[in-house]
Amino acid sequence: MIGYALRRLVALVLTLLAAALVIFLVLEVLPGDPAAVTLGLNASPEALAALHAEMGLDKPGWLRFLTWLGGLASGDLGLSYTYRVPVAQLIAERMAVTLPLAVLAMLLAVLIGMPLGVLAASRRGRIADAGVMAFAQAGLAIPNFWFGLLLVLVFAVGLGWLPANGFPGWQAGFGTALKSLAMPALALALPQAAIIARVTRSAMLDTLQEDFVRTARAKGLSEGVTLRRHALRNALIPVVTILGLQFSVLIAGAIIIENVFALPGLGRLVFQAIAQHDLIVVKDLVMLFAGLAIIVNFAVELLYGLIDPRLRQA
């Protein structure tokens, strides 16, 4: 297991370096001058030159890349061109909203999707199976922002149970903060739960045809025990793969939902940074999203080795 983990760790480091290089090259060739955007159209050449030097834009590209890479390694992400505060501080403040939102949405998606997928597989061809597949189709077809607006109309405007927008901060109390994240998390969780239900059903159907499941049934084990102990565990690899991909999507893809519910998270920050051409914030955020996706994929591969020991020798 240690050798398997070390091989995956080397691949992780190389992938992170390749992602950093691609992100830097793509963003450095984008049109527009961050200094000109910051100072305005009437800025003097002297002021532009001074700001270029302050931002490090007067240095060669390879040196800027190495400097940025060293800052990523040390945690010094630079100074925002627009907000004039450290980027690490901006990200930490917004991460306190986005990360709990993504975790809550992922938890809801698993709690909804996996039981439905198991139910559909165990009742294949029956009414329960048809109902789960209809839910999955609807979850994939309905845009999450539309579902979020529907939740606002029902639970905020109609019933008055939940706040419609904004985030009071964790200092307002855990319950109050959690209530403000409930509707956006549910809106994010719906399409993910639909995907999990479909993947779980498909994986379970394949596993239920295996000889070891028939053997378990022949031994007299109940259907519930057979599903939990034998079928579900062996169907987990495709499900875990989807979960890893979905968590990265929830972190990076909450831009619309955060704007619908006026949440001050990473999604709104990256939207504002792109609009203001705050290049350093955009680079750091894109690298953060890419790094999270790569690290989650690394964790998923380690889980593969724990779920199926045969993969360690692959």
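# Notebook: a helical chain

I began at Leu285, which is found in helix H14. The model is predicted, and I read every entry below with that in mind.

**Entry 1: Leu285.** Buried or exposed? I looked up the relative accessibility of Leu285 and got 0%, so Leu285 counts as buried, the cut-off being under 20%. Val270 is 15 residues away along the chain, and the two C-alpha atoms are separated by 6.8 Å.

**Entry 2: Lys283.** I stayed in helix H14, where Lys283 is also found. I noted a relative accessibility of 7% for Lys283, which therefore counts as buried. How far apart are the C-alpha atoms of Lys283 and Ala20? I read 8.9 Å, for residues that are 263 apart along the chain.

**Entry 3: the whole chain.** I stepped back to count elements. The protein chain has 14 helices and 0 strands. Reading along the sequence, I wrote the pattern down as α-α-α-α-α-α-α-α-α-α-α-α-α-α. I also looked up burial for the chain: of its 314 residues, 38% are buried.

**Entry 4: the second largest pocket.** I noted a volume of about 330 Å³ for the second largest pocket. I found 14 residues in its lining, and those closest to the centre are Leu72, Leu77, Met287, Leu288 and Gly291. Which elements give two or more residues to this lining? They are helix H1 (2-28), helix H4 (61-74) and helix H14 (279-307). H14 gives the most, with 6 residues. That is the helix of Leu285 and Lys283. I sorted the lining of the second largest pocket by class and got 12 nonpolar residues, 1 polar and 1 charged.

**Entry 5: the salt bridge.** Side chains of opposite charge can pair when their charged atoms come close. How many salt bridges does the count come to? I got 1. Arg201 pairs with Asp129, and their closest N and O atoms are 2.7 Å apart. Arg201 lies in helix H8 (residues 174-208) and Asp129 in helix H6 (residues 127-141), so the pair ties together parts 72 residues apart in sequence. I checked the accessibility class of both partners. Arg201 is buried, and Asp129 is buried too.

**Entry 6: Ala141.** I went back to helix H6, where Ala141 lies. Ala141 has a relative accessible area of 60%, so I logged it as exposed, the cut-off being over 50%. This contrasts with Asp129, which is buried. I then looked up the C-alpha distance from Ala141 to Ala194. The two are 9.8 Å apart in space and 53 residues apart in sequence.

**Entry 7: the nonpolar patch.** Which residues make the nonpolar patch? I listed Phe145, Trp146, Leu149, Leu150, Leu153, Val154, Val157, Leu159, Trp161 and Ile256. Together they make a patch of about 980 Å². Helix H7 (residues 144-158) supplies the largest share, 7 residues. I picked out Leu149, one of the patch residues, which is found in helix H7. Leu149 comes to 43% relative accessibility, so it counts as partly exposed, a class that runs between 20% and 50%.

**Entry 8: recap.** I closed with the points to keep at hand. Helix H7 gives 7 residues to the nonpolar patch.

Key: Residues are numbered from 1 along each chain as its sequence is written. This is a predicted model: local features need pLDDT of at least 70, side-chain atom pairs count only at pLDDT 80 or more; totals for chains, interfaces and linings use all residues. Side-chain values use heavy atoms; hydrogens and water are left out. On a 1 Å grid over the protein atoms alone, a cavity is a set of points where a 1.4 Å probe fits but cannot get out, and a pocket is an open set with protein on both sides within 12 Å along at least five of seven lines; lining residues have an atom within 4 Å of a point. Grid points are joined across faces, edges and corners, and a volume is the space filled by probe spheres set on the points. Helices (H or I, at least four residues) and strands (E, at least two) are DSSP runs, numbered from the N terminus. Ala, Val, Leu, Ile, Met, Phe, Trp, Tyr, Cys and Pro count as nonpolar, Asp, Glu, Lys and Arg as charged, and the others, Gly among them, as polar. A salt bridge is a side-chain nitrogen of Lys or Arg within 4 Å of a carboxyl oxygen of Asp or Glu. Buried means under 20% relative accessible area, exposed over 50%, partly exposed in between (1.4 Å probe, protein chains only). Patches are made of residues with over 30% relative accessible area and no salt bridge: like charges are joined within 9 Å, nonpolar side chains (Val, Leu, Ile, Met, Phe, Trp, Tyr) within 5 Å. Accessible areas come from the Shrake-Rupley method with a 1.4 Å probe; for residues, only the protein chains shown count as cover.
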